[in-house]
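Me: I've got a protein model open and I'd like to talk it through. Can we go step by step?

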Amino acid sequence: MTNIGNSIRPVPDTNALLQSARFFTTAAEMRQLPDSEWPEVAFVGRSNAGKSTAINVLCGQRRLAFSSKTPGRTQHINLFAVGLGSETVGLLADLPGYGYASVPLATKQRWERFIALYLAERRQLAGLVLIADSRQGLTALDWTLLGYFAPSGLPVHVLLTKADKLSRNQQLRQAQSVRDDLQRNGARAGLLAPTSVQLFSATARMGLEEASQLIEGWLLAPPRPV
């Protein structure tokens, strides 16, 4: 694989649309978000679950999504445009990591409200990619976030990251455990839309093709009726 600056040449396990991702804008509150008609796919996850790494490897770039040196300090939604040539067809939204306690409570509450409002009210959303450490499964905070998103009626895809740290049997057990958890507790959280789960590893390049095809499908799907 050959590096060109900060990017990596496209490889067969990721698609050209995601490879085209480039920084678009950043927002610290709802009014700063662009009023566009492009569909958005949101990426969310606990701090240290590997969200930035997953975005970077899916887009074939090293520093598209930045990891803060202090987990949980990023307070903005960063948007990346995708589209071949000069045409933009959609946006990827990198939401602040959640669950890290070493910040002032008022600051933490402010950006958690921002995340909740974005997930509940952003009409451009096409789907949610929830990043979860495969060794932990879904935590109470993940379920809180899914509760914010549930009223949208949009699909959720869970990426179980760092799967290379588990044996094959452990991987299969963890993936099935998360599927069972979603089936058992999804309705209680108001989550009635389709959900899917897959194993993922940026290090081992596991699950890249499956994830990139699903995200591309969301971005290119016909708009929802208003």
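This is a predicted model: local features need pLDDT of at least 70, side-chain atom pairs count only at pLDDT 80 or more; totals for chains, interfaces and linings use all residues.

**Walking through the model**

Me: Is asparagine 15 buried or exposed?
Reply: Its relative accessible area is 12%. The cut-off for buried is under 20%, so asparagine 15 is buried.

Me: Which backbone nitrogen does the side chain of asparagine 15 reach?
Reply: Leaving aside neighbours within four places in sequence, asparagine 15 is in contact with Ser212, Gln213 and Glu216. Its side chain also reaches a backbone nitrogen at 3.2 Å. That nitrogen belongs to leucine 17.

Me: On to valine 41. What is its relative accessibility?
Reply: Valine 41 is found in strand β4, residues 40-45. Valine 41 counts as buried, with a relative accessibility of 0%.

Me: What distance separates the C-alpha atoms of valine 41 and leucine 79?
Reply: Along the chain, valine 41 and leucine 79 are 38 residues apart. In the model, their C-alpha atoms are separated by 9.6 Å.

Me: How do the axes of α3 and α4 lie to each other, roughly parallel or oblique?
Reply: Helix α3 is residues 105-121 and helix α4 is residues 140-149. Their axes come within 7 Å and cross at roughly 40°. Angles under 35 degrees would count as roughly parallel, so α3 and α4 are oblique.

Me: How many nonpolar residues are in the contact of α3 with α4?
Reply: From α3 come Ile115, Ala116, Leu119 and Ala120, and they meet Leu145, Tyr148 and Phe149 in α4. By class, that contact has no polar and no charged residues. The number of nonpolar ones is seven.

Me: What arc do the buried residues of α4 fall within?
Reply: The buried residues in α4 are Asp142, Trp143, Leu145, Leu146 and Phe149. Looking down the axis of α4, they line one face of the helix, because they fall within an arc of 160°.

Me: Which elements cover the buried residues of α4?
Reply: The cover includes strands and helices. Among the strands are β4, β7 (125-133) and β8 (156-161). Among the helices are α3 and α5 (168-185).

Me: What is phi of asparagine 48?
Reply: Most residues other than glycine have a negative phi. Asparagine 48 has a positive value. This residue is found in the loop between β4 and α2 (51-58), and counts as exposed at 52% relative accessibility.

Me: Zooming out, what share of the residues of the protein chain count as buried?
Reply: The protein chain has six helices and nine strands. Residues 24 or more positions apart account for 76% of its contacts with a separation of 6 or more. Of the 226 residues, the share that count as buried is 50%.

Key. Residues are numbered from 1 along each chain as its sequence is written. Side-chain values use heavy atoms; hydrogens and water are left out. Axes are lines fitted to C-alpha atoms, for helices over the stretch in contact, and angles run from 0 to 180 degrees between N-to-C directions. Helices (H or I, at least four residues) and strands (E, at least two) are DSSP runs, numbered from the N terminus. Angles under 35 degrees count as roughly parallel, over 145 as roughly antiparallel, 65 to 115 as roughly perpendicular and the rest as oblique. Contact means heavy atoms within 4.5 Å. Ala, Val, Leu, Ile, Met, Phe, Trp, Tyr, Cys and Pro count as nonpolar, Asp, Glu, Lys and Arg as charged, and the others, Gly among them, as polar. Buried means under 20% relative accessible area, exposed over 50%, partly exposed in between (1.4 Å probe, protein chains only). A polar contact is a pair of N or O atoms within 3.5 Å; within protein, one must be able to donate a hydrogen and the other to accept it, and residues adjacent in sequence count only if both atoms are side-chain atoms. The arc is that of the directions from the helix axis to the C-beta atoms.
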